[in-house]
Amino acid sequence: MILHPECQVTAQKEIDSVVGDLRLPDFGDRDNLPFVECILQEILRWNPAIPLGVPHRTMEDDLYRGMLIPKGALVFPNIKAMALDARVYSQPTVFYPERYLPKPAGNGEPHFINIAFGFGRRVCTGRYLAENSVWIAIATILASCTITNAVDEHGEIIVPENVLSDGLVR
Ligand code: HEM
């Protein structure tokens with residue numbers, strides 16, 4: 001929110017108009033907060049927490065675009081490459097939650113939630129806990145707080161660097 005203050009303003013206006021200021025958002029509000037939903041999707045996509053997914057092993061020979069993937073092969077789903085695929089997401093490195101809104105407000109780009117949590121029989125078992133936890137955190141924090149930059153000893157705004165750890169989980 002510090003790096004993208006305009007997103008915070010948009011989300012807070014949406015929460016104020018839908019929820020008001022007499023209560024906090026709850027899960028019953030989720031369908032009525034499309035921009036908060038967009039922020040959740042963009043957080044999952046912009047810098048995926050598990051960039052190379054978790055490898056799966058093929059149980060039988062498979063053919064993919066004419067290429068044989070033999071039984072027993074390890075397949076790594078490159079989630080980060082899918083997140084940054086410019087054929088699917090315009091300016092993919094930019095944090096731009098509006099991209100998911102239908103046209104003309106946004107680009108109608110596909111939600112990332114079906115990719116971020118992996119695939120098939122071994123899909124993340126914590127998916128719904130995680131997605132709902134992140135959603136309620138975004139909604140309640142932005143309903144009750146405004147996140148702003150820290151300032152240094154001279155009163156100058158500190159702009160944090162966007163630096164992430166490397167590894168299986170970031
Ligand atoms: C935003 C948060 C999270 C993300 C992005 C995430 C993502 C993933 C991904 C990509 C996988 C690999 C799925 C595959 O094999 O294709 C996975 C597996 C798994 N996740 Fe998560 N996860 C998150 C939170 C959680 C939480 C909160 C829990 C537990 C409460 C959890 C428990 C698991 C478990 C147990 C597996 C292994 C499932 C299996 O191999 O059968 N995850 N997760």
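Helices of at least four residues and strands of at least two are DSSP runs, numbered from the N terminus. The model described here is predicted. On this numbering, Pro-55 lies in the loop between helix 2 and strand 1 (56–57).

Pro-55 has 11 other C-beta atoms within 10 Å. A residue with 12 or fewer counts as exposed, and Pro-55 is therefore exposed. Beyond its neighbours within four places in sequence, Pro-55 is in contact with Leu-74, Val-75 and Phe-76. His-154 is 99 residues from Pro-55 in sequence. In space, the C-alpha atoms of Pro-55 and His-154 are 49 Å apart.

Helix 2 comprises 13 residues, 34–46. At 1.5 Å a residue, helix 2 should span 18 Å. Its end C-alpha atoms are 18 Å apart, which agrees with that expectation. Helix 2 is mostly covered, with 10 of its 13 residues buried. The buried residues are Phe-35, Val-36, Glu-37, Cys-38, Ile-39, Leu-40, Gln-41, Glu-42, Leu-44 and Arg-45. Their cover includes helix 1 (5–19) and helix 3 (79–83). Helix 4 (113–116) and helix 5 (127–144) also contribute to that cover.

Two packed helices are described by the angle between their axes and the distance between the axes. For helix 1 and helix 2, the angle is about 140° and the axes are 8 Å apart. The two helices, helix 1 and helix 2, are therefore oblique to each other. On the helix 1 side, the contact involves Cys-7, Thr-10, Ala-11, Glu-14 and Ile-15. These meet Phe-35, Val-36 and Ile-39 of helix 2. By class, the contact of helix 1 with helix 2 has 6 nonpolar, 1 polar and 1 charged residues.

Helix 1 also packs against helix 5. The axes of helix 1 and helix 5 come within 9 Å and cross at roughly 90°. Helix 1 is therefore roughly perpendicular to helix 5. Helix 1 contributes Gln-8, Ala-11, Gln-12, Ile-15 and Val-19 to this contact. Helix 5 contributes Ala-139, Leu-142 and Ala-143. The residues of the contact of helix 1 with helix 5 divide into 6 nonpolar and 2 polar, with no charged residues. Ala-11 and Ile-15 of helix 1 take part in the contact with helix 5 and also in the contact with helix 2.

The ligand is surrounded by 16 residues. The closest are Val-54, Gly-118, Cys-124, Gly-126 and Ala-130. The shell around the ligand divides into 10 nonpolar, 5 polar and 1 charged residues.

Definitions and conventions: Residues numbered from 1 in each chain as written. Predicted model: local features only at pLDDT ≥ 70, side-chain atom pairs only at ≥ 80, totals over all residues. Expected span 1.5 Å × (residues − 1). Buried ≥ 20, exposed ≤ 12 C-beta atoms within 10 Å, placed from the backbone. Contact = placed C-beta atoms within 7 Å. Near = placed C-beta within 6 Å. Nonpolar A, V, L, I, M, F, W, Y, C, P; charged D, E, K, R; others polar. Axes fitted to C-alpha atoms, helices over the stretch in contact; angles between N-to-C directions. Parallel < 35°, antiparallel > 145°, perpendicular 65-115°, else oblique.
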